[in-house]
Amino acid sequence: MNTFFFPTSVMVIGVSTRPTNLGKEIARNLLEFGFTGEIHLVGTKGGVIFGRRIHSSVTEVTAPVDLALILTPARTVPGFLEECGKLGIKRVIIESGGFGELDESGRELGRTLIKIATEYNMRFMGPNCIGLMNSDNGLATPFITLRNVFRTGRVGTVAQSGGVALSFLNMFDGERIGYGKFAAIGNKLNVNENDFLEYYLNDPKLDAVCMYLESIQDGAKLMRLALSSDKPVIIFKANTVESGSAIARSHTEALANDDKIVDAAFKQAGIVRFNDMLRLMDFLKALQLPPMLGRRLAIVSRSGGHAVIAVDAASQAGFQLPPFGADFLSEVRGHLRGDVIRLGNPLDLGDLFDFEIYKQIVEHTLQEPDIDGILFLHIYFAAIESEASRALLAHIAALSRKYDKPVAMCVLTETQEMTELHKSLNFPIYVSPERAVFALAATVNQRETRSRLSEDPGPTPPTPEPQWDAVDAILERSLAEGRSPLLHEGLAMLESLGFQTPPSVFVQKGTATDVQPSFPGPYAVKVSAAALSHKSDAGGVILGVQEGSALTETIHALFAKFAASEIGLQGVLIQQMAIRSKGDFEFIVGAKHDPSFGPVIMLGHGGIFVESLGVTSLRVAPVSLDEIDRMIDDLQGSEMFKGVRGLPPIDREALKDAMNRIAWLMQRRPGVTSIEVNPLMVGEHGAVALDARVHVDCSAPPSRD
C-alpha cells in the first residue's frame with residue numbers, strides 16, 4: 001500500500017490535448033498539488049500539454065514507473081493493464097467506468113482485470129474510482145479539476161464514491177479538520193477498504209479513519225482490524241434499503257449487507273457508525289477536543305432557553321450534571337445585575353454581560369475535579385459584540401487546551417459571522433446545543449467501548465465439551481442424502497452439543513402407528529419433513545396428546561394429512577410435553593452464516609412471538625461470554641429476566657451456555673449455514689430446547705477440525 005501513496009514516479013494513461021479530456025485533469029492536479037515525483041503522460045495521439053510530452057504508447061516510457069493511472073474507455077483497459085504488467089509496474093489505479101456497475105459485459109471485463117493482475121502480481125484500485133490524495137507528497141489523482149486549497153491534517157478517508165470522498169474534503173475544510181490521506185476506491189475489485197484501513201491504522205501520521213461504504217467485502221476482517229487499534233474508526237454505511245441498493249449496484253457494483261448485522265458488528269468492534277453526514281462531522285470535530293474522560297458535564301449558557309434544550313439533550317445522552325459549589329455560585333451571583341436567576345448546573349449567565357467574568361467562570365469550572373467537560377452556549381449579534389465574542393471564544397479555546405478538558409462551544413449568531421469564526425478560530429464550533437452534546441457523548445461512548453473491549457477476556461469453550469463425533473455423524477448422514485437434518489436429527493444434534501431436550505421417539509413414515517413411548521405423557525406430536533418450516537401454522541404440531549389410543553389416532557391422522565403433500569414427510573416425533581413453570585421464558589437462539597461477516601449469533605423472544613415482535617439481539621462469532629451477557633441485556637424487556645412482580649429470575653448462565661454452544665458449532669462446523677432453536681425454554685433452573693431447525697450447505701463436503 002505504501003507504493004500507492006508514495007510513488008517516486010507516476011504514469012497517466014489516457015491524456016490528450018482535447019478540452020474535454022479528463023486524463024489531462026489528473027496531470028493538472030498532480031502539478032497543482034506539487035507532486036514531488038516524476039510525471040509521465042501517455043495518450044495514443046501524442047502531443048504536448050502543460051509543457052510536457054504526451055507519449056503515444058506505454059512502451060515509449062523507458063524510465064521506471066511505480067504507479068500507473070488509467071482513464072481510457074473500458075474496453076481498452078485490459079490491454080493497458082497488461083502492458084503495465086509487462087513493464088513491471090506493480091501498482092495501478094483504474095479510474096475508467098463501464099465495468100460491473102454497468103452490465104454483465106462490464107463484469108466480464110472486471111474478471112479479465114483480476115486475471116491480468118494475478119498473472120503479473122499487480123495490485124490495482126478501482127475501476128470506476130478517482131484514486132488517491134496524499135498531503136505528504138502532493139499526490140492527487142482525481143480527474144475532477146481541483147485547487148490546492150484543502151486543509152491538511154491527521155484524518156485518513158476512504159470512500160466508495162468519488163463524490164462523497166470529495167465532499168469529505170470540502171466539509172473537513174469548512175470545519176477546520178485536515179485530511180492526511182484520501183482514497184476513493186470505486187468498485188474495489190482488487191484493493192478494498194480493508195487494505196486501506198490496515199494501512200491507515202499503522203500510519204503514525206493519522207489519528208482517525210473516516211470511511212464511506214456501500215458494501216463490505218470481508219466484514220470479519222474489518223472487525224479484526226478495527227479491534228487491533230485504539231484509533232477511532234468512523235464509518236458512514238449506506239446502501240441499507242432495496243431502492244438504494246439498486247442505485248449502488250449501478251454506481252459501485254455494491255451488494256447490500258444485512259444492515260442489522262452490520263450495526264451489531266460495528267458496535268461489537270468499537271466502530272462508530274453514522275447515518276447522517278452532519279453527525280459524522282460533529283463527531284470528527286469533537287475528536288479535535290481534549291478527551292472527555294467521564295460523563296460529568298457542566299453547562300454554561302448565556303441563554304436560559306438554550307440551557308434547557310441542552311439539559312434535555314444531556315439527559316438523553318447519559319450525562320450527569322454535578323452541582324456547583326455554594327462558594328462558586330455565591331461569587332457568580334455577586335456579578336449579576338439583579339438576583340432574578342436561580343443559579344446551578346446548568347449555569348444561566350443571562351443576567352451577566354461582562355465577558356471577562358465569563359472567562360473566569362469557564363476557567364473555574366475547568367478546575368473543578370468533579371467536572372469532565374463543559375458545554376458553553378454563546379449567543380450574540382455580530383454588529384454589536386463580534387470583536388468581543390471572538391476574543392472570548394479564542395480565550396475559552398485556549399483554556400480547554402490548558403486544562404486538557406473539552407469545551408464544546410455552541411455559537412448562535414448570523415451566518416456570515418459563523419463563516420468568519422470558522423476562518424479565524426482554530427477550534428470546533430457547533431451550531432446547536434443538541435449537536436454539541438451528542439458529539440461529546442459519541443466520543444465518550446467510543447472511549448468507553450474501546451476500554452470495555454480491551455478488557456474482554458475473549459471466547460470461552462463450552463464445558464463440558466460437545467460430542468463432536470456425534471454431531472458429525474448426523475451432518476454426514478444428511479449430507480450423504482443431499483438434505484439438511486430433519487427435526488429429530490436436529491434435536492439429536494442439540495443433545496450432542498450439550499443441550500437438554502425432552503425425551504422423544506421418532507416414528508418413521510411407513511412404520512406402525514401404534515407406538516407407545518417408554519416415558520409418560522402428555523405428548524407433543526410433531527411432523528418431521530424436509531420442506532416444512534412452520535409446523536404449527538400448517539397444523540403439523542398437536543399438543544397435549546394423551547397416552548394410549550389418543551396417541552395412536554394422532555399419529556395416524558398426521559400421516560394421513562401430509563401423505564399426499566410435497567413437504568417431504570419423513571415421520572413424526574413424539575416428544576414429552578415440557579411442563580411450564582412460573583417465570584419460564586421462551587427464547588429463540590440461532591445463528592446463520594453471513595457472506596461478509598461469517599457466523600452471526602441471534603437471540604430473540606421465542607415461540608409464537610418471533611415474527612410478531614421481530615426484535616432480536618445479534619453478534620458476530622467468535623463471541624465472549626461477556627458479550628453474550630450484553631446480548632441478553634440488549635433484548636427488549638430484558639429487565640423481566642431478572643425477576644419481576646414475584647416471578648423468579650431466569651437461569652441466565654444456562655441461557656448464556658446455550659448461546660455459546662451455538663456460537664462454537666457455527667465456528668467449528670462452517671458447513672452448517674444456519675440453526676434455530678425455537679423455543680428454548682429457560683426457567684429458574686436450566687434451559688430446555690423444544691424444537692430445532694438446522695440447514696447445511698449440501699454442495700460442500702463435511703468439515704471437521
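Guide: A nonpolar core is a set of buried Ala, Val, Leu, Ile, Met, Phe, Trp, Tyr and Cys residues joined through side-chain atoms within 4.5 Å; buried means under 20% relative accessible area (1.4 Å probe, protein chains only), exposed over 50%, and partly exposed in between. This is a predicted model, in which local features need pLDDT of at least 70 and side-chain atom pairs count only at pLDDT 80 or more, while totals for chains, interfaces and linings use all residues. Residues are numbered from 1 along each chain as its sequence is written, and side-chain values use heavy atoms, with hydrogens and water left out.

Visitor: Which residues touch the most other members of the largest nonpolar core?

Guide: They are Phe319, Ile361, Ile374, Leu375 and Phe376, in a core of 56 residues. Another core, of 54 residues, lies apart from it and includes Ile39, Ile93, Ile216 and Ile271.

Visitor: What makes a residue a contact of Ile374?

Guide: Contact means heavy atoms within 4.5 Å. Beyond four places in sequence, Ile374 has such contacts with residues including Leu297, Val362, Pro406 and Leu440.

Visitor: Why are β8 and β11 called paired strands?

Guide: Strands are DSSP runs of E, at least two residues long, and helices are runs of H or I, at least four long, numbered from the N terminus. Two strands pair if DSSP finds at least two bridges between them. Strands β8 (131-134) and β11 (179-184) have four bridges, in the antiparallel sense, and therefore count as paired. In this pairing Gly131 stands opposite Ala184.

Visitor: How do you know that the length of α5 agrees with its number of residues?

Guide: The expected span of a helix is 1.5 Å times one less than its number of residues. The 13 residues of α5 should therefore span 18 Å, and its end C-alpha atoms are 19 Å apart, which agrees.

Visitor: Which residues of α5 are buried, and against what do they pack?

Guide: The buried residues are Gly162, Val164, Ala165, Leu166, Phe168, Leu169 and Phe172. They pack against β8, β10, β11, β12 and α10.

Visitor: What caps the N-terminal end of α5?

Guide: Ser161 does, with a side-chain oxygen 3.3 Å from the backbone nitrogen of Gly163. Just after α5, Arg176 takes a positive phi of about 60 degrees.

Definitions and conventions. Polar contact = N/O pair within 3.5 Å; in protein donor to acceptor, adjacent residues only side chain to side chain.
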